[in-house]
Amino acid sequence: MGTDANHERPVGSPAASVVHSLHERKETLATVESLTGGLLSASIVEIAGVSSVFRGGLVTYATELKSVLAGVPEDLLAERGPVDPDVAAALAEGGRRRCGADWGLATTGVAGPEPQDGKPVGLVYVAAAGPGGCEVRRLDLDGDREYIRGATVIEALRLLAERIQTTGGVEQPADAGDPAGAGHR
């Protein structure tokens, strides 16, 4: 794995930490990716034992797929474009719902080499939605496409790890955020 938003290599594997925590809690995860194009999901499925945790992921690179596949409101996309904190939150919540998971983790931003819709290269939003709500983090990254995409994966996993930790070890009801209870094993 590459370096984080501070150009430092993470200690240990952020993906392994998240997978272990979710496994211990018997909770599940889904991803919705734009600028990372599957890199986030790939880093998660590298971890042994992930099948008890990872429900699946959506790669919604094209703007219209953010609405069609992840359920982001079309008017939000039309008004603000795909690189927006509320779009990131909607992606995370949409992935969580569509995949029947306890947690949704989303990425959206501009990896470059050119700005997109007036948004600068390196502007990224990551979002983690779960039983305690959703949190979005803005990243202002400097570097090439490879660095921006890799740092986004690390920072998204860190955000999720923090969110998991702040919800504590409290057992969530079987239907928390998932009417069918499909997010629990």
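Student: What makes Glu 135 and Arg 137 a salt bridge?

Tutor: This is a predicted model. In it, the closest N and O atoms of Glu 135 and Arg 137 are 3.6 Å apart. The cut-off is a Lys or Arg side-chain nitrogen within 4 Å of an Asp or Glu carboxyl oxygen. The pair therefore counts as a salt bridge.

Student: Why is Glu 135 called partly exposed?

Tutor: Its relative accessible area is 30%. Buried means under 20% and exposed means over 50%. Glu 135 falls in between, so it is partly exposed.

Student: How many salt bridges are there in the whole structure?

Tutor: The search finds 10. One of them joins the side chains of Asp 4 and Arg 158, at 2.7 Å from N to O.

Student: What does the pair Asp 4 and Arg 158 tie together?

Tutor: Asp 4 lies in the segment before helix 1, and Arg 158 lies in helix 6, so the bridge links parts 154 residues apart in sequence.

Student: How do you know whether Asp 4 is buried or exposed?

Tutor: Asp 4 has 2% relative accessibility. The limit for buried is under 20%, so Asp 4 is buried. Arg 158, at 26%, counts as partly exposed.

Student: Which other salt bridges can you name?

Tutor: The side chains of Glu 27 and Arg 25 meet at 2.9 Å, N to O. Both Glu 27 and Arg 25 are buried. There is also a network of salt bridges linking Glu 79, Arg 80, Asp 84 and Asp 86.

Student: How do you know that the span of helix 1 agrees with its residue count?

Tutor: Helix 1 has 12 residues. At 1.5 Å a residue they should span 16 Å, and the end C-alpha atoms are 17 Å apart, which agrees.

Student: Which residues of helix 1 are buried?

Tutor: Pro 14, Ala 15, Val 18, Val 19, Leu 22 and Arg 25. They cover an arc of only 135° around the axis, so they sit on the same side of helix 1. In general, an α-helix has 3.6 residues a turn, so residues three or four places apart point the same way.

Student: What do the two sides of helix 1 meet or carry?

Tutor: The buried residues pack against strand 1, helix 2, strand 3 and helix 6. The face turned away from them carries the exposed residues His 20 and Glu 24. Just after helix 1, Lys 26 takes a positive phi of about 60°.

Student: What makes up the largest nonpolar core?

Tutor: The core has 29 residues. Those with the most contacts inside it are Leu 29, Ile 44, Leu 105, Leu 157 and Leu 160. Two or more residues come from each of helix 1, helix 2, strand 3, strand 4 and helix 6. Helix 6 gives the most, with nine residues. Another core lies apart from this one, with 18 residues, among them Val 32, Val 72, Ala 90 and Ala 92.

Student: What does Leu 157 touch?

Tutor: Leaving out residues up to four places away in sequence, Leu 157 touches Pro 14, Ala 15, Val 18, Leu 40, Ser 43, Ile 44 and Leu 105.

Student: Why is Pro 115 called exposed?

Tutor: Its relative accessible area is 53%. Exposed means over 50%, so Pro 115 qualifies. Pro 115 is found in the loop between strand 3 and strand 4. Beyond four places in sequence, Pro 115 touches Val 110, Pro 120 and Val 121.

Conventions: Residues are numbered from 1 along each chain as its sequence is written. This is a predicted model: local features need pLDDT of at least 70, side-chain atom pairs count only at pLDDT 80 or more; totals for chains, interfaces and linings use all residues. Side-chain values use heavy atoms; hydrogens and water are left out. Helices (H or I, at least four residues) and strands (E, at least two) are DSSP runs, numbered from the N terminus. Buried means under 20% relative accessible area, exposed over 50%, partly exposed in between (1.4 Å probe, protein chains only). A nonpolar core is a set of buried Ala, Val, Leu, Ile, Met, Phe, Trp, Tyr and Cys residues joined through side-chain atoms within 4.5 Å. Contact means heavy atoms within 4.5 Å. The expected span of a helix is 1.5 Å times one less than its number of residues. The arc is that of the directions from the helix axis to the C-beta atoms.
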